[in-house]
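User: I would like to go through this model with you, one topic at a time. Please keep the answers plain.

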Amino acid sequence: MVVLPIRFERSPRLHPMLSEVAHPVGTRVVVQGKRGPEVATVRGEATPPQEQERYGAVLRAATPEDLSRWEDLHRTGEDLKWLLRARARQRSLPVKVVAVEFTLDESLVTVSYSAEERIELTGLISELRGHTRARVNFAAVGPREQAQMIGTLGACGRENCSSTHLQEFAPVSIRMARDQQLPLNPEKLSGPCGRLLCCLQFEHTQYLDLLKDLPRKNARVCHEGSGACGKVTKLHPLAGTVDVTTDQGVLTDVPAGELRRLTEAEIKALPDAGRGGGRPGKPNRAPARE
């Protein structure tokens, strides 16, 4: 027995499954999923099974008959999706039908939907009864799952991460945008799903490493070459530079290696030590990094 990473059509997530045959990458196989038999694709090399791990099962390589039936069920599911959307509009139901998916043996049909509030969907079940005898299961999906299943374009112009390679939805916070020095504009920081961009999370660690070599924002520094002193007003982590505002103007894109952080004693000795909202004679302490 070997373990094969399997990918379903509706998600890029890889599922380890036991198989008696080490099918090559790209092989379409029939697997026993949680909902029943489904067609999936092998997306990696075979590995030995690990003890105390739970795996799904690869039943066999998909035959031409399996693939033909799977395509027919997919087309039927697409037709039923648009039918249910039309019926939901007629009934004034505040729901969006995202996908309708059958198992390979047509014993179960799963209707994935999104709604802002809890609603009664028994009326839509009666619509399905005239087209299939399969047992109906309604599954509510969130905004990110919806974007994953439908597939959208991100701000980068490429297909969104959640439907191409992202293996799980990790928490994303506005602090990550601050650390990356991004403008806190909801329209710029939100993906097609309306939530914070997933790419903020897996780029965050790199930005934290870059920020270690930069002075904090609002810190008092002096340029070793010119001797000009001022306050750090903007950070450029990828370039390794900062902008410094002095009494004479603004020094832009100054390499962090050319700056020296002022000591508390040096800050007290500055003639403008009381500026920036502090009391005269007291240092302007650098606040926590934004």
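User: In which sense do strand 9 and strand 10 pair, and over how many bridges?

Analyst: This is a predicted model. In it, strand 9 (residues 220-223) and strand 10 (residues 229-236) are paired in the antiparallel sense, with three bridges.

User: What stands opposite Cys-222?

Analyst: Its counterpart in strand 10 is Cys-229. Cys-222 and Cys-229 are joined by a disulfide, with an S to S distance of 1.7 Å.

User: Which hand does the disulfide of Cys-222 and Cys-229 have, and why?

Analyst: The disulfide is right-handed, because the torsion about the S-S bond is about 95 degrees.

User: Are these two cysteines buried or exposed?

Analyst: Cys-222 is buried, at a relative accessible area of 6%. Cys-229 counts as partly exposed, because its relative accessibility is 28% and the buried class ends under 20%.

User: How many disulfides does a search of the whole structure find?

Analyst: The search finds one.

User: Changing topic: which residues touch the most other members in the largest nonpolar core?

Analyst: Leu-84, Val-100 and Val-111 do, in a core of 18 residues. Helix 1 (64-90), strand 6 (96-102), strand 7 (108-114) and helix 2 (122-129) each give two or more residues to this core. Helix 1 provides the largest share, five residues.

User: What is Val-100 in contact with, leaving aside its neighbours within four places in sequence?

Analyst: Val-100 is in contact with Gly-77, Leu-80, Lys-81 and Leu-84, and also with Val-109, Thr-110 and Val-111.

User: Which residues does the second core include?

Analyst: That core is separate and has 10 residues, among them Leu-214, Val-221, Val-232 and Val-242. As general background, nonpolar side chains in soluble globular proteins tend to be buried together.

Methods: Residues are numbered from 1 along each chain as its sequence is written. This is a predicted model: local features need pLDDT of at least 70, side-chain atom pairs count only at pLDDT 80 or more; totals for chains, interfaces and linings use all residues. Side-chain values use heavy atoms; hydrogens and water are left out. A nonpolar core is a set of buried Ala, Val, Leu, Ile, Met, Phe, Trp, Tyr and Cys residues joined through side-chain atoms within 4.5 Å. Buried means under 20% relative accessible area, exposed over 50%, partly exposed in between (1.4 Å probe, protein chains only). Helices (H or I, at least four residues) and strands (E, at least two) are DSSP runs, numbered from the N terminus. Contact means heavy atoms within 4.5 Å. Two strands pair if DSSP finds at least two bridges between them. A disulfide is a pair of cysteine sulfur atoms within 2.5 Å.
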